[in-house]
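Hi,

Here is the structure I promised to pass on.

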Amino acid sequence: MRILVVEDEPTLASQLSAALEENGYAVDVAGNGRDAHHLGDNEPYDAVVLDLGLPEIDGITVLKRWRAASRNMPVLILTARSNWHEKVEGIDAGADDYLAKPFRMEELLARLRALLRRASGLASAEIRCGDVMLDTRNGRVTVAGQAVSLTAHEFKVLAYLMHHQRSVVSRTELTEHIYAQDFDRDSNTVEVFIGRLRKKLPPGMIETVRGLGYRLTAPA
Ligand code: CA
């Protein structure tokens, strides 16, 4: 899952990006409203963490522009604690949730997980597909109750497929959601990750849909 972090305070921006990367997300960072607007308009983010007080274009304006252009990814806004009308304005502008600064990173991560699973129509923090279970709270993956160890990239691929289970996901789509923007992307490596995942999951779970991509389903 790929997240855009929009934050102009460099220390907080790097703390956010480090925490998100550590939790298995691909992360892009924008430090002003203009870059944020451009990235959110052009890249397929699974969610955005958006500070409202930004140089160049403020966060509310960025959010309104995305929503006006039908960019519907979940957006969590960061507001000043005392500023209740900022929260109201942000939610009315299309934010899905908010967090007042200063906040605990654990709370931000939990709210983000909730937004991501709701966007995928999932209710529980434990995502299941047949015998495979991904606990989004700690990144643990089990098959029939047995822990499975995955590399960071294998985890990113599986997490995306689990959030989009039963849908066909193309190689391009997977590539766009497992790498940050500055990463040297090669869609052929997706095939390698899929190959390795297949060896770690029950047989037949990752189906190849010829010419279209992959589909994660529980074998009957
Ligand atoms: Ca700010």
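A contact here means heavy atoms within 4.5 Å. Keep in mind that this is a predicted model. With that cut-off, and looking at contacts between residues at least 6 apart in sequence, 58% join residues at least 24 apart.

On the overall fold: the protein has 8 helices and 12 strands. Its radius of gyration is 18 Å, close to the 17 Å that the globule rule gives for 220 residues, so the protein is as compact as a globular protein of that length. The C-alpha trace spans about 50 × 30 × 30 Å along its principal axes.

As for burial and surface, 50% of the 220 residues count as buried. The accessible surface comes to about 10,600 Å², and carbon and sulfur atoms account for 47% of that. On the charge side, there are 27 positive and 31 negative side chains, with the centres of the two sets 7 Å apart.

One element I'd point you to is helix H6, residues 152–163. From its first C-alpha to its last it reaches 17 Å, close to the 16 Å expected for its 12 residues at 1.5 Å a residue. How much of H6 is buried? The count is 10 of its 12 residues, so the helix is largely enclosed by the rest of the structure. The buried set takes in Phe155, Val157, Leu158, Ala159, Tyr160, Leu161 and Met162, and also includes Glu154, Lys156 and His163.

Cheers

Terms used:
Residues are numbered from 1 along each chain as its sequence is written. This is a predicted model: local features need pLDDT of at least 70, side-chain atom pairs count only at pLDDT 80 or more; totals for chains, interfaces and linings use all residues. Side-chain values use heavy atoms; hydrogens and water are left out. Helices (H or I, at least four residues) and strands (E, at least two) are DSSP runs, numbered from the N terminus. The radius of gyration is taken over C-alpha atoms; the globule rule is 2.2 Å times the number of residues to the power 0.38. Buried means under 20% relative accessible area, exposed over 50%, partly exposed in between (1.4 Å probe, protein chains only). Accessible areas come from the Shrake-Rupley method with a 1.4 Å probe; for residues, only the protein chains shown count as cover. Lys and Arg count as positive and Asp and Glu as negative; His and the chain ends are not counted. The place of a charge is taken as NZ of Lys, CZ of Arg, CG of Asp or CD of Glu. The expected span of a helix is 1.5 Å times one less than its number of residues.
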